[in-house]
Amino acid sequence: MKYSIFSLARAAFSGHKTWQRTWRDASPKDHYDVVIIGGGGHGLATAWFLASEYGVRNVAVLEKGWIGSGNAGRNTTIIRSNYGLPGNTGFYELSMKLWERMEQDLNYNTMVSQRGVINLYHSDAQRDAYARRGNTMRINGIDAELLDLAAVRKMMPFLNFDNARFPVQGGLLQRRGGTARHDAVVWGYAHAASALGVDIIQNCEVSAFVRDANGKVTGVETTRGRIGAGKVGMAVAGSSSRVAAMAGLRLPIESHVLQAFVSEAIKPLIPNVMTFGAGHFYVSQSDKGGLVFGGDIDGYNSYAQRGNLPVMEDVCEGGMALMPMIGRVRLLRQWGGIMDMSMDGSPIIDRTPVDGLYLNAGWCYGGFKATPGSGLVFAHLLARDEPHEEAARFRLDRFRRGAMIDEKGQGAQPNLH
Amino acid sequence: MVGRAQTHRLEKGGLIDRSAPLGFRFDGKTFAGFQGDTLASALIANGVKLVGRSFKYHRPRGILTAGSEEPNALVELRNGARREPNTKATTAELYDGLEAASQNRWPSLRHDMMAVNQLFAPIFVAGFYYKTFMWPAKFWEAIYEPAIRRAAGLGRASGVADPDHYDKAWAHCDVLIAGSGPAGLAAALAAGRSGARVILCEEDFVVGGRPLADGGTIDGMPAAEWISRTLSELAALPDVRIMTRTTLFGVYDGGTHGAIERVNDHLPSPPEHQVRQRLWRIVAKRSIVAAGAIERPIVFAGNDTPGVMMASAVRSYVERYAATPARRIALFTNNEDGWRTVETALGAGLQIAAVVDARPDVSPAHRALAAKAGFPIMNGSVGGVDGGKHGVRKITVSLTGGARAEVEADGLAVSGGWNPAVGLTSYHRGRPKWQNDIAAFVPDSAPPGMVAAGAANGAFSLGACLRQGFAAGAAAAQDTGRSGKAGTAPAADDEAFSLTPLWHVAGKGKAFVDYQHDVTASDIELAQREGFESVEHLKRYTTLGMATDQGKTSNVAGLAIMAAVSGKSIPETGTTIYRPPYVPVAIGAFAGHHRDENFHATRLTPSHHWASEQGAVFVDTGLWKRAQWYPRPGEKDWLESVTREVKAVRGGVGFCDVSTLGKIDVHGPDAGAFLDRVYINTFSNLAVGKARYGLMLREDGIVYDDGTTSRLAEDHYFLTTTTAKAGLVMQHLEFCRQVLFPELDVQLTSVSDQWAQFSIAGPKTRDLLREIVDPAEDLSNEGFPFMGAREVTLRGGIKGRLFRISFSGEMAFEISVPARYGDALARNLMLAGKPLGVTPYGTEALGVMRIEKGHVAGPELNGTTTAADLGLGKMMSTKKDYIGRVMAGREALVAPDRQVVVGIKPVDKTSRLRSGAHIIPKGRTPGPDTDQGYVTSVCFSPVLDQWIGLGLVERGRERIGEIVHTHDPLRGEDYDVELCSPVFYDPDGGRQRG
Amino acid sequence: MAEFSWVSRSPLEQGLVTGVHGARGIKAGVLLTEIRNFDLIQVMARRGKGVQMASAAEARFGVAAPDVPKAIQTADASLIWSGPDQYFVLSKGSKHTMDTLTRALSQSASLSDQSHARALIGVSGTKARAMLAKLSSIDLHPQALPIGTAAATSIDHTSVNLWRGNDRPDGQAVFNLLVFATFAESLWHTMLDAAAEYGVDIRHSEEFA
Amino acid sequence: MRIVCPFCGERELGEFTYLGDAKPVRPAASASEDEVFDYVYLRDNVAGQMSEYWYHGGGCRAWLKVTRNTLTHEISAVEPAAGVGARKVGA
């Protein structure tokens with residue numbers, strides 16, 4: 001059923017009894033051309049692009065719990081394409097362009113809100129680094145503006161300009177950046193993919209890979225039985241190492257916990273998405289009114305999906321340093337997700353050394369904004385067996401070759417990215 | 001400020017202090033209450049029923065509860081910079097002069113234009129916004145979203161800096177107890193008597209829990225008396241601490257708990273030098289959750305009408321606050337506990353209009369009471385409420401068997417049973433289990449060291465609460481090695497708790513599950529229909545349980561309804577993950593002291609106060625404040641000051657405090673061997689009395705840090721790091737020492753703070769130094785050659801160190817003295833150097849001179865460059881192993897087309913270079929394929945009288961002399977520049993060696 | 001030749017203002033005293049020389065150097081544990097300087113002068129524990145931190161060495177803090193903020209408490 | 001989280017800095033590029049008991065080997081790194 005104000009009005013007459021499932025509740029078939037492990041944003045987007053762009057419709061998405069139960073449902077909903085290194089720049093812009101047409105593509109309101117993302121700078125060195133990055137963006141056809149102090153003051157008069165430990169000096173603004181409603185992205189892709197024939201199978205956990213005599217992956221064993229596959233794609237974020245280990249692979253990835261926070265709902269206070277340059281704090285305000293904010297990862301390997309107080313305090317200290325007007329706003333909920341932190345802070349989208357198994361991982365804490373782009377390039381890889389041109393640098397062997405994509409320049413220590 | 005009479009205040013009773021009347025204002029109207037009131041109880045005492053408006057439909061709402069689970073009665077408390085949105089009137093303590101305003105309404109609470117949303121209610125069902133507002137695409141940010149944002153949200157934040165202070169503290173104990181009801185107090189007694197260190201947190205401002213309203217008999221005495229005696233006994237124990245106004249909100253790893261103490265929220269503003277709230281990190285070996293249970297509503301049409309209230313809340317208001325929410329009360333219950341309300345109401349002289357009991361049987365005692373008091377008992381359920389913003393007028397009852405009845409009442413007390421407070425026990429992702437007899441979830445597992453006791457554990461009788469609490473307290477004390485005698489447990493009767501589950505009464509009209517978020521029973525049915533059956537999907541799709549009450553009154557009812565419509569049992573349907581904090585906590589409290597200029601610590605150099613006297617402009621470098629330049633009167637801008645400083649150094653002599661460099665003593669017989677492994681070049685062959693520049697890599701082959709290391713003795717090196725990496729390099733070196741190379745006999749100590757170190761530079765350096773250093777010291781080229789390093793005696797007899805090293809390219813020394821003499825060194829240099837025109841210079845001039853000299857620094861050591869990229873590849877020893885050696889050889893790190901450091905000079909000498917501009921081949925269109933690097937560092941060179949820079953440019957060193965283009969679209973500046981040697985000044989180094 | 005002198009300047013010279021600060025009208029609950037001008041030498045045993053260092057220390061000080069987190073008072077020095085196989089020698093009046101200790105200990109240990117790298121602050125008063133509990137995550141309870149206990153720990157993300165000295169004659173506990181000199185002024189202000197609500201009496205001294 | 005430092009006793013998380021898996025051992029100087037690559041870049045990323053390096057930089061500056069469960073954060077053992085203090089290593 002097409003969603004619109006008219007269909008809503010019609011349904012209202014029947015007390016909304018006429019609505020169908022947003023996606024079909026599929027049971028697994030014996031065999032699919034492509035099986036995607038992971039019913040998060042990336043997995044579902046991959047399925048939708050396979051079906052819609054590459055004509056591969058015999059596709060299953062396997063989700064061990066409920067779709068969107070991983071990082072897709074636990075993030076701070078920020079979208080942006082303000083990256084500075086070749087490989088990232090083009091890819092994230094591809095993703096941004098897909099965000100800009102997502103609602104029309106999917107017939108689902110994912111509330112893509114291009115309210116602007118501003119990275120504040122507090123020193124000359126930071127300004128120079130942002131200038132380098134912003135110029136990279138412009139050279140790649142991406143919008144970027146370098147704001148001075150006066151411009152920041154005008155845009156966000158509520159920041160602490162007067163007695164800050166690290167006074168704001170300006171910011172790098174991407175006006176096309178913003179937020180999207182994270183759960184709606186999952187549901188939107190599920191809705192649209194299901195309509196094209198993709199089977200979305202929840203409560204279906206993969207326990208092993210099925211391999212043929214040559215070692216090629218030909219399917220998966222699951223809690224809902226064996227499912228054959230022409231190709232298997234992994235899009236399991238923080239569980240990447242665990243799933244890869246079933247195929248005997250070790251990855252340049254560590255799983256870390258990233259906490260995020262939301263405040264009580266309040267009337268509009270913060271117009272855009274902001275990152276504090278002198279501490280670990282970024283924030284936006286949801287349409288519902290909560291301040292959605294976060295900071296650094298906790299910094300130790302974890303699959304616990306919850307974090308500890310020191311980081312929570314650190315994040316709130318950053319918030320209060322930047323805008324002490326939020327002191328009396330109350331924090332309502334905190335949660336933790338498992339981040340697949342790669343060794344250079346950039347993702348991996350590639351075939352694996354195991355025939356028939358494809359990898360989409362290493363998103364660190366930036367996977368949400370990549371959702372549509374990741375879906376498209378992973379679908380391309382699965383359909384064509386060659387990397388999409390915008391993902392050509394996200395190869396697994398780049399670490400062995402020394403071709404890291406290290407935006408932060410922190411090297412092979414995932415918790416520093 | 002004392003307002004009108006308190007029309008709904010009982011003549012006597014309650015825990016309020018009638019001798020302390022307080023005036024307050026709500027929505028501009030003046031009222032009166034008493035010390036001991038909450039804002040909610042005072043509003044009730046004044047007959048106020050309409051307190052707020054709901055989130056989506058702006059329906060009129062009253063007060064539902066008497067605790068922190070309140071979904072409806074949210075107000076903006078206080079004014080101006082202290083305005084606190086979404087404050088629960090049910091927990092806000094009344095103080096004289098309190099000001100509160102209703103929220104989410106316009107223009108007024110009574111006449112809220114936004115209530116027009118109710119007309120669209122047929123469309124505004126769960127998730128409706130996902131299905132519309134998509135066309136045209138541009139309209140989302142322009143039209144729809146701003147409208148939605150304005151309508152959503154509840155109260156308004158102040159919008160200005162919070163004027164109050166917060167702090168944070170640590171506490172440690174053996175046994176931590178959440179809740180001071182019978183179970184919590186009994187636990188504290190047992191643990192305290194055993195000799196344990198006990199902390200008990202109570203979120204209320206009065207200790208006692210439910211007995212404060214419901215009374216009871218403990219150890220043969222009235223509960224109030226037992227509480228009072230218990231408090232006396234606890235106060236006499238040496239290590240029992242009771243913290244009221246303190247909510248335990250979370251449990252973290254290793255027995256760390258988070259608690260928020262509302263130190264001064266009960267006052268108009270904190271007294272001077274005091275904080276508003278304090279965040280506690282309580283480290284406990286054992287913890288006992290005795291946080292009680294939360295009474296749950298029943299979902300029926302009109303259940304959100306002001307005047308519909310939880311039965312336990314009715315009792316709290318009547319008993320504890322002597323305030324009457326209604327005068328003719330109907331009770332709707334499905335359990336025995338609800339009946340307490342009847343006794344309370346009658347005892348206070350209120351009328352009972354009827355009791356609607358959903359259970360098939362009602363005890364003879366209740367029937368006798370009803371007969372005596374003259375109210376009907378109706379077997380059935382409430383199907384509707386007549387009323388509105390003025391309150392309840394009439395309720396409709398669906399009687400078992402199908403008949404309907406109407407009851408006139410001005411208040412409806414509801415009890416759907418009780419849900420144990422399972423939050424704290426579930427915060428480590430534990431899922432509670434279903435307990436059939438109370439039809440509620442109870443803790444199944446808990447974080448290590450934590451147990452639940454009493455109502456929080458599903459034990460609803462007073463006797464059981466006391467027994468469980470006492471046993472838990474005694475066991476916890478035992479576990480922590482406290483072996484004192486706990487004595488006997490307090491005793492009380494075990495009242496019956498019979499309940500027939502009833503979640504939802506089907507019927508016409510909106511029946512609310514989540515009051516604040518306007519989630520109705522039909523929204524849950526819709527979610528199920530659309531496939532959002534998982535409770536997590538249900539929550540996210542409908543927003544059930546996501547309001548400021550965190551679903552305390554709504555979650556279980558919501559999933560019970562989901563279970564019913566999807567044909568599953570409640571335990572099969574399961575719960576969502578419980579997440580801290582247990583109650584919303586002010587962000588300011590988590591920050592504590594660390595805000596504004598106290599956000600991070602500040603490090604000051606030994607000459608800081610002297611530089612400050614000189615009028616220096618300071619720059620933040622990490623935590624340091626460093627003198628950036630020293631403006632002089634008449635100088636029009638920083639550039640003029642910096643240029644003067646550079647010229648003064650290059651033409652005479654200047655000095656700069658470089659104490660911020662990391663300094664490490666490397667001791668031991670294997671010190672040289674150790675340094676050989678951490679640096680790419682060799683230090684074991686460095687002669688005593690000499691210094692050498694060193695470069696260290698990360699294990700991945702990328703440059704980590706650089707600095708000069710001197711050998712002061714056979715077994716003593718003095719290593720310096722960059723300012724930025726000082727702490728990290730120390731950690732790295734300790735890792736090398738303790739983990740990678742434990743066989744080496746080497747010791748490391750940070751001496752960063754021990755030495756004040758100044759660079760003295762310029763052709764007149766020796767002239768100045770001779771005034772400072774003991775005349776016996778030989779400073780000649782022969783006596784102290786370039787890269788020499790040794791201890792010297794200074795005039796006046798103190799010992800210092802001299803290093804003949806140069807960052808500026810001039811004849812230069814670095815001198816160090818023990819840090820407490822740093823201030824004196826600056827003053828002495830000024831004094832001694834006066835005839836020489838000595839000039840202090842800051843980090844800007846330092847930076848100018850290093851760029852002129854082509855030295856790499858932070859912008860070039862950016863974490864992605866190799867030694868070869870920096871032009872230092874020849875330093876990489878081929879005769880030894882060192883950190884990063886192997887990975888540095890990977891193909892892409894030695895590729896010929898890498899971006900390498902090169903000098904950059906505008907063709908037009910008037911052009912101003914800027915860092916961050918990109919390098920594009922001349923004549924080519926800027927694009928990803930023509931982007932060949934960028935400008936890393938720039939300065940105005942007084943020597944060359946033009947802007948110059950360093951850059952990282954593809955194959956840069958092969959292209960010296962090539963004219964390329966700097967492209968800077970951000971700032972709209974594009975120039976032709978020449979790629980040149982990075983050494984702009986004195987390329988053969990004669991000046992620094994001279 | 002210019003006439004000049006070498007004035008030793010404490011890192012708290014500017015930040016410390018003697019007198020009573022914070023809450024008035026009550027007896028100051030916290031007493032903060034900076035002790036100025038001391039000798040502080042870090043002694044670290046060389047590999048495999050722990051035993052030799054211990055006996056050399058015993059020969060020098062007459063007592064065993066601490067091998068667990070303790071502060072040991074000798075006739076003219078405090079030996080304060082600072083980490084495995086390492087400790088500080090804190091003294092006044094040039095009794096134990098780099099020169100004298102090098103002669104005594106350098107066969108088995110590496111020595112590093114820290115005399116100027118730290119500021120030394122004594123904290124006492126009825127509210128000393130309450131105030132320190134805002135800064136320190138360690139357990140300050142008398143059972144957990146009896147007299148003579150030392151801790152290498154952190155305050156405000158900055159390393160400090162804390163030890164409990166002998167009680168004052170009035171029975172009040174005394175906590176000593178060695179803090180890094182370049183952080184000292186900033187930490188001092190943090191300590192003042194933490195103490196303000198209790199009233200704080202500020203002094204400095206040339207003598208150990 | 002609290003870590004029981006073998007020297008200092010139980011201390012707050014904020015005093016420690018995390019490095020990562022303690023299982024990989026730095027290869028000898030003669031090792032191949034592949035072996036070093038494996039050491040620097042590949043991780044088991046254990047879900048369960050993991051031995052890992054933590055630095056007590058906010059305390060006694062000892063590097064510690066901590067056995068911790070990455071699913072629950074529970075710490076079951078802490079021991080000093082081989083070269084902590086003046087320990088004699090090897091012969």
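1. The domain bounds used here come from an automatic or database domain assignment. On that basis, chain A of this predicted model is divided into domain 1, made up of 25-107 + 182-252 + 344-416, and domain 2, made up of 117-177 + 254-342.

2. Taken over C-alpha atoms, the centres of domain 1 of chain A and domain 2 of chain A are separated by 27 Å. To the contact between them, domain 1 of chain A gives 33 residues, while domain 2 of chain A gives 34 residues.

3. Which elements give two or more residues to the side of domain 1 of chain A that touches domain 2 of chain A? They are strand 3 (78-79), helix 3 (88-100) and helix 8 (240-245) of chain A, and helix 3 of chain A supplies the largest share, four residues. Sorted by class, this side of domain 1 of chain A holds 17 polar, 12 nonpolar and four charged residues.

4. Turning to the chain as a whole, chain A contains 18 strands and 11 helices. Its radius of gyration is 21 Å, close to the 22 Å that the globule rule gives for 417 residues, so chain A is as compact as a globular protein of that length. Along the principal axes, the C-alpha atoms of chain A fill a box of roughly 65 × 65 × 40 Å.

5. Among the contacts in chain A with a separation of 6 or more, 74% are accounted for by residues 24 or more positions apart.

Key:
Residues are numbered from 1 along each chain as its sequence is written. Chains are lettered from A and ligands numbered from 1 in the order in which they are written. This is a predicted model: local features need pLDDT of at least 70, side-chain atom pairs count only at pLDDT 80 or more; totals for chains, interfaces and linings use all residues. Two residues are in contact if their C-beta atoms, placed from the backbone, lie within 7 Å. Ala, Val, Leu, Ile, Met, Phe, Trp, Tyr, Cys and Pro count as nonpolar, Asp, Glu, Lys and Arg as charged, and the others, Gly among them, as polar. The radius of gyration is taken over C-alpha atoms; the globule rule is 2.2 Å times the number of residues to the power 0.38.
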